[in-house]
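Please read them with the coordinates open.

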Amino acid sequence: MRYLPHTEEEIASMLRVVGTEDLDGLFSPVPPDCKMGTALDLPDALTEWELGAFMNGLAATMATSPAYKIFMGGGSYEHYIPESVSYLLGRSEFSTAYTPYQPEISQGTLQAIYEYQTLTARLLGMEVANASMYDGASALAEALLMAIRITKRKRVALSPLIHPHYRAVVRTYLGPGGHELVELPSLENGRTDISGLAGMDDLAAVAIQSPNFFGCIENLKAAGEAIHEAGALFIASFTEPLAYGLFKNPGCQGADIVCGEGQSLGIPRSFGGPGLGMFTCRMKHVRNMPGRLVGKTADRDGRAGFVLTLATREQHIRREKANSNICTNNSLCALASAMYLASVGGTGIRDLASLNYDKTEYLKRGLRGVGCTVPFDSSTFNEFVVEFPKGFKDTYSRLLEKRIVAGIILGNWYPELPNHSLLCVTETTTKEDMDELIREVGS
Amino acid sequence: MKEPQGTSGLIFNEPLLWEKGKEGRIGFSMPRRDVVPSPVDEGLAGDGPDFPDLSEVDVVRHYTRLSQWNFGVDTGMYPLGSCTMKYNPKINERQAALPGFADAHPLLPAELSQGALELMWHLERYLAEITGMDAVTLQPAAGAHGELTGMLIVHAYHTGRGSRRSKILVPDTAHGTNPASAALCGFSSVAVRSDERGIIPPEAVAAVMDEDTAGIMITNPNTLGLFEENIREIADIVHAKGGLVYGDGANMNAVMGIVQMGKIGFDVMHLNLHKTFSTPHGGGGPGSGPVCVKDFLAPLLPVPRVVHSEEGYRLSEAFPESIGRLHAFHGNFGVLLKAFCYIMSMGGGGLKRASQLAVLNANYIKENLEETLYLPYKRPCMHECVFSDKLQETEKITTLDMAKRLMDYGFHPPTIYFPLVVHGAMMIEPTETESKEDIDRFIEAIRAIATEARDNPDLLREAPARPKVRRLDETAAARKPCLTG
Amino acid sequence: MKEIEELFLPDDVHYAESHEWARDEEETVVVGVNDYAQDQLGDIVFVELPEIGDTFEKGEEFGTLESVKAVSEIYMPVAGKIVATNEALSEEPELVNQEPYNSGWMIEIEPDDPDEINTLMTSSEYMEMLKGAE
């Protein structure tokens, strides 16, 4: 087997050194009643060529573009990934390296993550970013736990327009601690109703997602003011960070913690993972922040270099008193996003975000033109809710037969939206694709 | 080998991204504009982030140069104890990049995603077979995430029986993620001491196990590289008082096809796919930490779960006792896929052989170095062995100094200062993918360094001399953190 | 790391088993960590101190000391209320290493019982304790 270099001769000579007769003898410390009685019941090993054929077979059953036109977002977005980024990520010095605990021979990872931290902080308008969390959902859960630690209060409020899966993950994380989760109401325009915050003075934090699950841009400035009036920390969450190439970032609108999903930035959707939990906060809270941090320093000859720092927050030092239990994070995905942002650039990201926005507006107008209702009239980015005319289920199924996936059905999560779908458009959607959808819906 | 492996190489200085580029450059092919611009609400519009503008060449050179400052498994031996830095097969990368998988949306209707769901279904069953457990979740995104999942399951199990237990037993050799994960569930950790043989004596567990203790978290083989020989008795003691046994499967690479974790008393355990199952470490992730449970805990597993009927595979949330969701979608599918490919490429016999050779390599190193470095536990080890710097104390040379000098010899240092029970610990895990000649070279390097420690200790104190940077000022980095540029 | 004989353990302060020192300033008690503590921990990078007005029992944790690779809890040598903290330590935590008994002081306490400080150890008693623990 090509991953096992030992020859029989080498094994024999090594066994002699160790003083054991055979490989089984190496396991004498294992009590017999712990051992397997039979061989592992797994399929026979495949050759590289058989594996390829098998995986091709599985892959062929999956619906992807261009065979299918998939207008789905909901926390996972189709964006073009430059070949240069995929190529650079394939450099095994990045992918086969471990966590940079030995900084002298990990400066590649360390500088790259320092750059990622910087670009992330700039994108979100915040002072410091960590080296990543698992995904936007766990990042939000950790942000709430961080706010609870800082304020020493036990209650948090969440917008109902945060991604339903994110709210579910938050409930799982906050459950054991007996923390109370309050759900805020929503407005008819598709935004969060923050008016009730005036009466709440015992909240650790209030979390709002923007663009929210319906694609609507929230009024973060007003939310920030109301939340701070109530003495709580303002957590802004997101699933589509490309929006900040066009819209005001949460940091400049008063957010204390900004966290979310970075998959849009150069990471393939891969059936939902790995993604990228982006996490930022104000410098004054940095010692309460979870996750790894890369800092700039100098070596003994005065050369600039980078190290993991403020490690006393983390589990390997603080153990049960650590800010979080996180160890392995999503470093390579963070690297991918930095490479992507470096490639798209400051000028490019504005143009790209505008293009995304304009295409989405085109589809909105087109669908309205054939009798669809767009129930929420707030500004949106890449996603919007639509109500199809004359019978939702039939329209959806008919489109599916034509290999068009007309968005994400909302009824299961939001029963008040039974005939509604969440449609997504990005720079990868062509005018022809949209015209076809409009035509089919209208017919 | 006549010359030491480490040299200086051709390494470039490379500035930070924002110190490069020129306004107007771009490294991205902007897609064609086929729609008219639409107005944006002025009150919401922003200025966009302050990013540099770089050409494709700028970006490619930047990251190519950065990569050359890194040591990876593909560069050389990476004997980090408890990390299992085995070779990462390239064919698995290619399969993960197949458009059918890479471009798949996680919320696709089931009938349009059968391939991915089938893969997950099979992987669950293979991991159950390998561990000897009954049911599996692939959702946790890393080992620590798996530990949290396991702790939540333990918590839910006791709450479901109307029992509010507040403590978890944690051995003194445990990885820091163990007590941290327990704390996230509101458990307080009670330490259990290993004995002079480096394993947990049953009496130590019996002394602290009571009806207020939810269970024990135990790593087997443990972080000293030793098999917890008393595990069945320990499990019985914990079970007798109604507690559960959580297994930290980080060291599974020692026992595949040899030990049946289901038999030794584990009720719930996690695996690290980026360790045992060859998925790349990525400089710190992404990983994947599936959790395997006995049947009686299966209803508590996170949702959604893959279910199978004549109509095929689909995801279901119809599990009312589930602890809930832990990930935005279904876990790190891209990582799961690579582990699946690895298992398919190795087969049952291959996995067992991998474990046998991993243990052979570690014992071979132990035999060869026990005169050179202090060996606290003079017994056969499993897939890793722990030494310390006790023999070098007279020269005031530490484990850290020896680790730094190893870099000059062309090796990544082993794990240092862990586990905490050995002062100045150096934990060496070669894995099965290291050849005898690479291991012999490693042994020679350690011997040479031990000699230098005696005859020329400054070489160690000044090490490393060869990489791009020398030892870095971590104190300054912590006192005056500079975390963004 | 220093040998026990090399440690600087002045006579004008009292010593706690957990390596804090306490100086009797009549109305108040000033507290810091001793030379052994700062030597063992290495370069201090961060000091976490309580708020003014907080009260603690004797032996209760009132703060933490961080080096690059370790965190150490610090405990009250006597019970009392915090009336002052050394704000200089937030900018210059290294003062704890450089002058543990002077500019590296940490908190000033209004003690519940002004005599409690006399239950602590003298410099020579503390040194004996360290030798015994070896």
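Predicted model: local features only at pLDDT ≥ 70, side-chain atom pairs only at ≥ 80, totals over all residues.

The points below take chain C, then chain A, then chain B.

1. Chain C, overall build. Chain C contains 4 helices and 9 strands. Read from the N terminus, their order is β-β-β-α-β-β-β-β-β-α-α-β-α. The C-alpha trace spans about 35 × 35 × 20 Å along the principal axes of chain C. A compact globule of 134 residues would have a radius of gyration near 14 Å, and the 14 Å of chain C agrees with that.

2. Chain C, burial and surface. In chain C, 51% of the 134 residues count as buried. Its accessible surface is about 6,700 Å², and carbon and sulfur atoms account for 43% of that area. Taking the contacts of chain C between residues at least 6 apart in sequence, 63% join residues at least 24 apart.

3. Chain C, charge. There are 6 positive and 36 negative side chains in chain C. How far apart do the centres of the two sets lie? They lie 4 Å apart.

4. Chain C, the sheet. Six strands of chain C form an open sheet with antiparallel pairing, in the order S1-S2-S3-S9-S8-S5. Strands S1 (14-15) and S5 (55-56) of chain C are at the edges and have a single partner strand each, so one side of each has no neighbour in the sheet. Within the sheet, strand S2 (residues 20-25) and strand S3 (residues 28-33) of chain C run antiparallel and are joined by 6 bridges. One of the facing pairs is Glu25(C) and Thr28(C), the latter in S3(C).

5. His19(C). Most residues other than glycine have a negative phi. His19(C) sits in the loop between S1 and S2 of chain C. Its relative accessibility is 21%, and it therefore counts as partly exposed; the cut-off for buried is under 20%.

6. Chain A, overall build. Chain A has 12 helices and 14 strands. Its C-alpha trace spans about 80 × 55 × 50 Å along the principal axes. Of its 443 residues, 68% are buried. For contacts in chain A between residues at least 6 apart in sequence, 70% link residues at least 24 apart. The chain carries 40 positive and 50 negative side chains, and the centres of these two sets are 7 Å apart.

7. Leu246(A). This residue is in the loop between strand S6 (233-238) and strand S7 (257-261) of chain A. Is Leu246(A) buried or exposed? With a relative accessible area of 9%, Leu246(A) is buried, since the limit for that class is under 20%. Apart from neighbours within four places in sequence, its contacts are Ala353(A), Ser354(A), Tyr357(A) and Phe381(A), together with Val40(B), Ala45(B) and Gly46(B). The C-alpha atoms of Leu246(A) and Asp41(A) are 54 Å apart, and 205 residues separate the two along the chain.

8. Asn382(A). Asn382(A) is placed in the loop between helix H10 (331-369) and strand S11 (383-387) of chain A. At 0% relative accessibility, Asn382(A) counts as buried.

9. Chain B, strands S4 and S5. Strand S4 (residues 213-219) of chain B pairs with S5(B) in the parallel sense over 5 bridges. Ile218(B) stands opposite Gly247(B) of S5(B). In strand S5 (residues 244-248) of chain B, 5 of 5 residues are buried. Leu244(B), Tyr246(B) and Asp248(B) lie on one side and Val245(B) and Gly247(B) on the other, and both faces are covered.

10. Thr173(B). The loop between strand S2 (167-171) and helix H6 (177-184) of chain B holds Thr173(B). Its relative accessibility is 3%, and Thr173(B) counts as buried. Not counting residues up to four places away in sequence, Thr173(B) touches Ser194(B), Asn222(B), Thr223(B), Leu224(B), Phe418(B), Pro419(B) and Val421(B).

11. Cis peptide bonds in chain B. Most peptide bonds are trans. The bond from Gly285(B) to Pro286(B) is cis, with omega near 10°, and Pro286(B) is in the loop between strand S6 (268-270) and strand S7 (291-293) of chain B. The bond from Ala463(B) to Pro464(B) is also cis, with omega near 0°. Pro464(B) is in the loop between helix H12 (458-461) and helix H13 (474-479) of chain B.

Technical notes: Residues numbered from 1 in each chain as written. Chains lettered and ligands numbered in written order. Heavy atoms only, no water. Helix = DSSP H or I, 4+ residues; strand = E, 2+ residues; numbered from the N terminus. Rg over C-alpha atoms; globule rule 2.2 N^0.38 Å. Buried < 20%, exposed > 50% of the residue type's maximum accessible area, 1.4 Å probe, protein only. Contact = heavy atoms within 4.5 Å. Areas by Shrake-Rupley, 256 points an atom, 1.4 Å probe, with all protein chains shown as cover. Lys, Arg positive; Asp, Glu negative; His and termini not counted. Charge placed at Lys NZ, Arg CZ, Asp CG, Glu CD. Pairing = 2+ DSSP bridges.
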